[in-house]
Amino acid sequence: MSGLGLISTYTSDTEDEEIDRDNHDKPNEVPNRLPLPGSIATWKGVPHHEEIKDDPCQHEGRVRSFKHERGNWATLVYIDYTPSESMLSWMISIMEEMPVKCNIFSEQFHISITRTLILKFHWIEPFVNEIKKLCDQTDQFPLELLNIKVYCNEEKSRTFLGIECIDSNRTLTHFVKDLNNILSEYELPPFYEDSSYHISFLWCLGNESIKFNDCTSLLTIKLNQFLAEHAEDRYVHVNKIHLKTGNKLYAFKLR
């Protein structure tokens with residue numbers, strides 16, 4: 001019997017294939033075909049493999065800085081920061097003094113030491129090992145909270161108010177330099193050349209840098225008044241480096 005169309009499907013953890021075979025039946029012949037299984041007729045793809053559409057309404061109007069693609073893992077290396085109750089109360093109180101409506105940082109407070117990077121899946125294990133090795137060779141160090149500064153993301157879609165952190169003994173500076181060398185091996189961009197280590201705590205949509213800059217001097221004075229009364233909040237003792245890649249979190253102790 002000529003022209004029998006065969007449809008086969010194969011699924012695994014890493015790939016899906018769909019094979020279509022051309023029908024070369026003669027014009028006057030009507031081929032007998034096997035019935036298409038209902039499970040295939042209604043199949044629309046495994047959710048993991050479907051295109052993920054960004055909906056800013058689901059996350060306070062924020063827009064992804066890059067399109068989600070299968071096999072690409074959004075990655076960030078950072079220092080975790082947990083404010084005291086007093087510091088958190090101070091951060092929230094600042095919202096009332098801002099010239100535009102702001103939001104408290106709903107994500108985990110942190111100090112970024114890389115840009116948001118894109119790792120291929122097969123890079124993850126060697127990359128994690130490299131970061132761990134670097135942490136094993138780095139001493140713990142303090143960061144001092146000093147100034148209020150304004151930051152804007154590369155897309156100019158969000159403006160942040162942050163507390164600048166000073167690396168007095170330059171341990172973090174040397175760490176980031178070595179980290180940049182690791183990134184270059186994967187052809188990933190280094191941390192910003194004019195980097196300013198900071199803890200973002202307020203944000204708003206759009207580029208509102210000019211409005212924010214008008215009030216940073218007064219806010220810096222208020223910050224230092226707060227720190228004079230709460231000396232325990234002036235320093236961040238860094239004893240771990242954190243790495244987030246996709247849905248995986250790592251914490252590496254410094255020596």
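**Briefing: core and helix packing**

Leaving aside neighbours within four places in sequence, Phe201 is in contact (heavy atoms within 4.5 Å) with Trp90, Met91, Ile94, Asn103, Ile104, Phe105, Phe109, Ile148, Leu161, Gly162 and Ile163. This is a predicted model: local features need pLDDT of at least 70, side-chain atom pairs count only at pLDDT 80 or more, and totals for chains, interfaces and linings use all residues. Residues are numbered from 1 along each chain as its sequence is written, and side-chain values use heavy atoms, with hydrogens and water left out.

**Overall build**
- The protein has 6 helices and 12 strands. These are DSSP runs, numbered from the N terminus: helices are H or I with at least four residues, strands are E with at least two.
- Of the 255 residues, 36% are buried. Buried means under 20% relative accessible area, exposed over 50%, and partly exposed in between (1.4 Å probe, protein chains only).
- Take the contacts between residues at least 6 apart in sequence: 77% of them join residues at least 24 apart.

**The core**
- The largest nonpolar core has 60 residues. Such a core is a set of buried Ala, Val, Leu, Ile, Met, Phe, Trp, Tyr and Cys residues joined through side-chain atoms within 4.5 Å.
- Ile113, Leu161 and Phe201 touch the most other members.
- In soluble globular proteins, nonpolar side chains tend to be buried together.

**Helices α3 and α4**
- The axes of α3 (residues 124-136) and α4 (residues 171-185) come within 11 Å and cross at roughly 160°. Axes are lines fitted to C-alpha atoms, for helices over the stretch in contact, and angles run from 0 to 180 degrees between N-to-C directions.
- α3 and α4 are therefore roughly antiparallel (angles over 145 degrees).
- From α3, the contact uses Phe127, Glu130, Ile131, Leu134 and Cys135; from α4, Phe175, Asp178, Leu179, Ile182, Leu183 and Glu185.
- By class, this contact of α3 with α4 has 8 nonpolar, no polar and 3 charged residues. Ala, Val, Leu, Ile, Met, Phe, Trp, Tyr, Cys and Pro count as nonpolar, Asp, Glu, Lys and Arg as charged, and the others, Gly among them, as polar.

**Helices α2 and α6**
- The axes of α2 (residues 85-94) and α6 (residues 216-229) come within 12 Å, crossing at roughly 160°. So α2 is roughly antiparallel to α6.
- Ser86, Met87, Trp90 and Ile94 of α2 meet Leu219, Lys222, Leu223, Phe226 and Leu227 of α6.
- The contact of α2 with α6 has 7 nonpolar, 1 polar and 1 charged residue.

**Leu205**
- Leu205 sits in strand β9 (residues 198-205). Leu205 counts as partly exposed because its relative accessibility is 41%.

Notes: Parallel < 35°, antiparallel > 145°, perpendicular 65-115°, else oblique.
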